[in-house]
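Subject: A structure for you to look at

Hi,

Here is the structure I promised to pass on. Please open it and keep it in view while you read the rest of this email.

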Amino acid sequence: MEPTGAWSRPDHLVATFELEPDGSARALAVEESTGTEEPAGEMFTRVGGEVLAEGGGRAVIAWPWRNWGPNLPQLMASVLVGEGCETARFTRCRLVAMEWPAELVTALGGGPRLGLAGVRDRLGPGAATRPLLGGIVKPSLGLGPAEVAATAGALARGGCDLIKDDELLADPDWCPLRERVSRVADVVGSLERPVLYAANVSGPVDTLVERAAAAVAAGATAIMVNAFATGIDAVRAVAAAGLGVPVLAHRVGAGPIARNPEVGVDGSVLCELTRIAGADLVQIGGFGGKLFDTSDEVARNLAACRRPLAGARVPVPVNGGGVWAGSTPTVLDAAGHDIMLLLGMGAYEHPGGPEAGARSVHQAIEAGVAGQPLDAAARSAPDLAAALAHFGGRP
């Protein structure tokens, strides 16, 4: 079967599915358009789906994208997780590739406002070409604003370029968003180099942009949204608000969509959708570590962040899930230098604490950039040496 792009057409959204039983592509084309075979002639020609290819458990279907217009939630409900997942006649219906018309990409958000190049610019000349390092504030819940700020400061002193709230921390009464942001901004703002702080503004959508604007006013230098739990349109809304800071889309909520091998959506398509919506930083899973994605799946997610996409900027691909100093060569070998390693366990389980843990990964990145084996670099990098000794053979 031809790759999806062979059928690219400007007025249609072309989607490739792993679809069973064989011969059911026409039924899916109908389900995701008119919903019934009854309309004939001009109506179906205008809004109906067209089967472009079918066979071998795959099908390529095109729909006029103006059926949904520039409406991310409706696109999700119609094509990505629509009737194909709900209807019993489809024993397998998994969306694995999309060809996005340029006009639709623009209408849906147009991609990152800053992207990889813009985020590097915010971080200064020292971050112009090297891999970036991010850190998550842990414990996920329980810290007050001063404790969050102290933890963020430790991660930043250890070499993190970006500190982010955990996806579980939003605006509880014991750690209010505005006070937390203000405290963190004071700490990281006192450092001699730029460090971004991504505050989690996820929550009720009717006050989403207001919360994001308040966080920026309080000192947040990035905004985080739980993209698939809050809804993908939350990413578009925050990116379109003109707040002037990068937007990090956390992929929490994507697991139930991406993990099922029978129905749902490949992670690479979700990465493309998140990128189109305007995320400057897009989570791709992790090469190695604790997350569900296989290395091949992570590679597809990474490619989705980087492939030409109707002029949309390339975001920062974020590799996470069990990052530590010893896993750094695996990530850099697979992804190159245009990547962010997002650090949690590797900081907090380090025997020297989070600052030393962050520094150990920063030292591992420096070794990777220099082409130096970690054991050789560790001879003059005590925090790296401590990490290698403590974590041992962990992948």
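Below I go through a sheet, its helices, the aromatic pairs and the cysteines.

One thing to keep in mind from the start: this is a predicted model.

**The sheet**

If the word "pairing" is new to you, strands of a sheet pair through backbone hydrogen bonds, either parallel or antiparallel.

Strand β3 (residues 58–64) runs antiparallel to β2, and five bridges join the two. You can find Val51 standing opposite Ile61 in β3.

**Helices across the sheet**

**Aromatic pairs**

How many aromatic pairs does a search of the whole structure find? The search gives three. In one of them, the ring centres of Phe17 and Trp63 are 6.2 Å apart and the planes are at 85°, so this pair is edge-to-face. Because Phe17 lies in strand β1 and Trp63 in strand β3, the pair ties together parts that are 46 residues apart in sequence. Are these two residues buried or exposed? Both Phe17 and Trp63 are buried.

Another pair is Trp324 with Phe391: the centres are 5.0 Å apart and the planes are at 50°, so the pair is tilted. Trp324 lies in the loop between β12 (316–319) and α15 (328–335), while Phe391 is in helix α19 (residues 382–391), so the pair ties together parts 67 residues apart in sequence. Trp324 and Phe391 are both buried.

Ring pairs also link Phe17, Trp63 and Trp68 into a cluster.

**Cysteines**

The count of disulfides comes to zero. Cys93 is buried, with a relative accessible area of 3%. Cys271 is in no disulfide either; the nearest cysteine sulfur, that of Cys305, is 4.8 Å away. Cys271 is buried too, with a relative accessible area of 5%.

Enjoy exploring!

Best wishes

Technical notes:
Residues numbered from 1 in each chain as written. Predicted model: local features only at pLDDT ≥ 70, side-chain atom pairs only at ≥ 80, totals over all residues. Heavy atoms only, no water. Pairing = 2+ DSSP bridges. Helix = DSSP H or I, 4+ residues; strand = E, 2+ residues; numbered from the N terminus. Phe/Tyr/Trp six-rings, centres within 6.5 Å; stacked < 30°, edge-to-face > 60°. Buried < 20%, exposed > 50% of the residue type's maximum accessible area, 1.4 Å probe, protein only. Disulfide = S-S within 2.5 Å.
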